[in-house]
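Dear colleague,

Please find below the structure that I am handing over to you.

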Number of protein chains: 2
Amino acid sequence: MADRPIKELDWKTPLEVAHKPSFNQIAKTGICGIMDLIAPGIPPGSDTASLALLGYDAIKVYSGRGALEAIGSNIKVLPGNVAFRCNFASVNKELVVLDRRAGRIANEDAAKLAKSLQKVKLKSSVEFLFKNTIQHRAVLVLRGKKLSIAVSDSDPEQTGSKVLEVKPLDESPEATFTADVLNDLLLKFHDVLEKHPVNKDRVRRGLPPANIVLCRGAGTIPKIKSLPEIYGIKASCIAAASLVKGVCKAAGMKLISVDGATGTPQTDFMAKAKATVEALKTCDLAFLHVKATDAASHDGNIKQKIKIIEKIDQMIDYILKNTDSASTYLAVTSDHTTSLLTGNHEGDPVPIAITGPYIRKDDVEKFDERSCAKGGLSRIRGMDVMPILMDLLGKSKKFGT
Amino acid sequence: MADRPIKELDWKTPLEVAHKPSFNQIAKTGICGIMDLIAPGIPPGSDTASLALLGYDAIKVYSGRGALEAIGSNIKVLPGNVAFRCNFASVNKELVVLDRRAGRIANEDAAKLAKSLQKVKLKSSVEFLFKNTIQHRAVLVLRGKKLSIAVSDSDPEQTGSKVLEVKPLDESPEATFTADVLNDLLLKFHDVLEKHPVNKDRVRRGLPPANIVLCRGAGTIPKIKSLPEIYGIKASCIAAASLVKGVCKAAGMKLISVDGATGTPQTDFMAKAKATVEALKTCDLAFLHVKATDAASHDGNIKQKIKIIEKIDQMIDYILKNTDSASTYLAVTSDHTTSLLTGNHEGDPVPIAITGPYIRKDDVEKFDERSCAKGGLSRIRGMDVMPILMDLLGKSKKFGT
């Protein structure tokens, strides 16, 4: 949601331009500040930002994306398993990528291919689980002893480049072993896919064959204590993005499914707001995440980004009107700055505002990047938010006596 | 001293309401900010907060309360010794606590009991020192090899509960050994106390017998370099609370006794101010600590808290008038937020103001939680204060060349 000022908006940011009375109400009645998710100038990923927002020291605990995304898609990953994000893709005979998404292959075709791939036999004692998720997307989980996340991607992440050989990223025998296992498996996958009837049929229909699986983002489950363990709270997650859901699951939060929540600009904003209010009836903490502003930013769509901020504002309006302000704390923030101009996550801090009983209200009146910089929170880190909220809730533990 | 806004004060804090021209003069002529003693949202103890204020990284060096409180009460604790805070208490035959303070037993009775307890023989090679301090309070120091602070308390900290067995808190043989030694010793203490003439006499007089010793807060001397070693300075401490005195002693500061300084709201504020001015004639640094605001906060006494702030303001007035502003730096702050509402230490930041020559004076005019948040220091940590002050004094060492 956070951004940099741009010429098209008369050197303002989308947050500064959007009509957002509810965001502003939180700023007006609460305490504001700016926040570096990780540290000043460091662009956070969606995974590390979510870890930080839930109070973890991402620099210490981050262990790759693959496993988090897998558990967020309801795929079982056990401690020590190494998981990867995968794409079905189209390659030519020289293994040059022609289409990274195999024509955004339909779920049904992908499911048939995945079923065949699951029958592949590995030469080592390692077992694997391969599951398609949405369209060309899939997850691969390696299960065995002595596996490592220190392996490179096979996905070159651009068309016209050759599929990459997976390489160990450190000198441990585990990394070499994992790279070997993966190279062997991906080659066997390619053999199965080349001959598969689904692909023969796709070629007949003029569709790009899904004749290779590209892997990236080796990851394992982070070794973290859950929020219930740390703070003795019940916590819920209302999110559609599987990566964010995965982080919340690793943190011991309950994942709440919401019909119509898609993680896209077309998501059902109000359904998520209602689910949040409902969750707060039985939970100490509800974490509501909207992905849509990020998607709009990656696409450089200024109008859409502003419109989504205004829709989020309506969600907040619903939450403000349907929770008890005498006993509820409400914090609004952004999990990273994504620039409409560069289309990338950037290292600029994000605004944050917290309202609720006995807050040291400041005189900031608007929720945006520059107004909040003048607030009473000054400049905090992402991992400070949970301790601050838990302290307000009376759930924190004194350090010392 | 720091607090949250409360309804009874029209949503202001005690600092915002109190008449405090001298505090404000420091803010007006100096640079202000807010400070997290440990980190945002973390409620500090009095021990960890004092360590931080003296420049130590409390998260790394904190080693329990017992030893700090003991050395603050002039009881010798050597490196490796494990010290406990103790209470004389009354229990029934089933070891259920009836009175945690044994009727606030008089010093004379407690001294007689302590003298007898010191004669107890332990089965192991560990030696001990047991000393009564004020009323029911006492200190126990275990001296020997292979002792650990990873042991639980025997004090259940409430009446109606049974005395707890001391348990090891980690799997080290040292923790198990220390717990065994302590359980053995406390049982022998109980035997001696049950038969003691002082207690027989107390029962005859209708007073609760001091028939058990309760232990809590296992601690050892923190492994820290002293302030004279780190900065080459002479430093003094003007405090009454034995825990704060203990931290200052561990930091190599001279403890100055002040007649009438009691650590209570009835303390002699002006005597402490005079001792501080006197100390500054021979020392580079004087640390003046007032406990009274904390006591008032724990009691939820709004009026008293405001009154104490006003008395501290008069101390500061004396110090301002009796030190040379051209050569003296004066910093005022609070060692934690203690909420009048919850009665607990809270994780909210505290205000800080520093005045003195060549300071980058900002435009803050008042010393309170919200005014200082707009100051030129922005948001700092407790452990930053000493380096800042030492740098102003020209006592800091360059890092690098």
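Predicted model: local features only at pLDDT ≥ 70, side-chain atom pairs only at ≥ 80, totals over all residues.

Overall form of chain A. The chain contains 15 helices and 14 strands. Its radius of gyration is 22 Å, close to the 21 Å that the globule rule gives for 401 residues, so chain A is as compact as a globular protein of that length. Along the principal axes, the C-alpha trace of chain A spans about 65 × 55 × 35 Å. Of the 401 residues in chain A, 51% are buried. If one takes the contacts in chain A between residues at least 6 apart in sequence, 68% of them join residues at least 24 apart.

Domains. The domain assignment divides chain A into domain 1, made of 7-61 + 225-392, and domain 2, made of 71-219. The C-alpha centres of these two domains of chain A are 33 Å apart.

Helix α2 of chain A. This helix covers residues 21-29, and its buried residues are Ser22(A), Phe23(A), Ile26(A) and Ala27(A). Viewed down the axis of α2(A), the buried residues fall within an arc of 150°, so they line one face of the helix. As background, an α-helix has 3.6 residues a turn, so residues three or four places apart point the same way. What do the buried residues of α2(A) pack against? Their partners in chain A are the strands β1 (31-36), β10 (330-333) and β13 (350-355), together with the helices α13 (302-321) and α14 (369-372).

Pro222(A). This residue sits in the loop that runs between β6 (212-219) and α9 (227-231) of chain A. Is Pro222(A) buried or exposed? Pro222(A) counts as buried because it has 21 C-beta neighbours inside 10 Å, and the cut-off for a buried residue is 20 or more. Leaving aside neighbours within four places in sequence, Pro222(A) is in contact with Val61(A), Tyr62(A), Ser63(A) and Ala250(A). Leu129(A) is 93 residues away from Pro222(A) along the chain, and their C-alpha atoms are separated by 19 Å.

Contact between chains A and B. Chain B contributes 28 residues to the contact and chain A contributes 18. On the side of chain B that touches chain A, α3 (46-53), β12 (345-346), α14 (369-372) and β14 (378-381) of chain B each supply at least two residues. By class, that side of chain B has 12 nonpolar, 8 polar and 8 charged residues.

Yours sincerely

Terms used: Residues numbered from 1 in each chain as written. Chains lettered and ligands numbered in written order. Buried ≥ 20, exposed ≤ 12 C-beta atoms within 10 Å, placed from the backbone. Helix = DSSP H or I, 4+ residues; strand = E, 2+ residues; numbered from the N terminus. Arc of directions from axis to C-beta. Contact = placed C-beta atoms within 7 Å. Domains from an automatic or database assignment. Nonpolar A, V, L, I, M, F, W, Y, C, P; charged D, E, K, R; others polar. Rg over C-alpha atoms; globule rule 2.2 N^0.38 Å.
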